[in-house]
Amino acid sequence: MSEVRLCSVSDVEPNSAVRVDAAGHRLAVVRVTDGDGADHWYVIDDRCSHAEASLAEGVVWADDREIECPRHGSTFELETGRAITLPATRPQGVYAVRVEGDDVIGELP
Ligand code: FES
């Protein structure tokens, strides 16, 4: 495991995602902001397990903590990477993430 700075907090709008290529991984860094204004961060593989679309270009469903693939509409659980809706059936990889100051830092294999 290695810790890698992925982006700045300000690079990711609330309830959205950005694609980050880091340490050989293609990742979606996701920021979910709840009603109290608290941020929750997730890092999930960006390449959809169904047909390789970029999840970072999809919709973040903040209340459900899911991200929807922009190509065929599969949704994935941000916490676990589990595929919730077809056509995707295989999970996405997910990675630990934390924020230090303005840095979003992922723990990557
Ligand atoms: S490419 Fe993501 S659901 Fe098909």
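E52 sits in the loop that runs between β4 (39–45) and β5 (59–61); strands here, like helices, are DSSP runs numbered from the N terminus (E, at least two residues, for strands; H or I, at least four, for helices). The model is a predicted one, so local features need pLDDT of at least 70 and side-chain atom pairs count only at pLDDT 80 or more, while totals for chains, interfaces and linings use all residues. Numbering starts from 1 along each chain as its sequence is written.

Back to E52: its phi is near 75°, a positive value in a residue other than glycine. E52 counts as exposed because it has 11 other C-beta atoms within 10 Å. The cut-offs are 12 or fewer such atoms for exposed, 20 or more for buried, and anything in between for partly exposed, with C-beta atoms placed from the backbone. N15, in the loop between β1 (2–8) and β2 (16–22), is another non-glycine residue with a positive phi, this one near 55°. N15 comes out as partly exposed, because it has 16 C-beta neighbours inside 10 Å. The loop between β7 (75–77) and β8 (94–100) holds P87, and the peptide bond joining L86 and P87 is cis, with omega about 10°.

As for the sheet, six strands make up an open arrangement in the order β1-β9-β8-β4-β3-β2, with antiparallel pairing (two strands pair if DSSP finds at least two bridges between them). β1 and β2 are the edge strands, each with a single partner, so one side of each has no neighbour in the sheet. On average, neighbouring strands of this sheet are turned by 30° against each other, direction ignored; the axes behind such angles are lines fitted to C-alpha atoms (for helices, over the stretch in contact), and angles run from 0 to 180 degrees between N-to-C directions.

β2 pairs with β3 (residues 25–33) in the antiparallel sense over seven bridges. Within this pairing, D21 stands opposite R26 of β3, and V18 has V29 as its bridge partner. The hairpin of β2 and β3 has two residues between the strands, and A23 in the turn takes a positive phi of about 50°. β3 also pairs with β4, again antiparallel and over seven bridges, with V30 bridged to Y42 in β4. Five residues lie between the strands of the β3 and β4 hairpin, where G37 has a positive phi near 90°.
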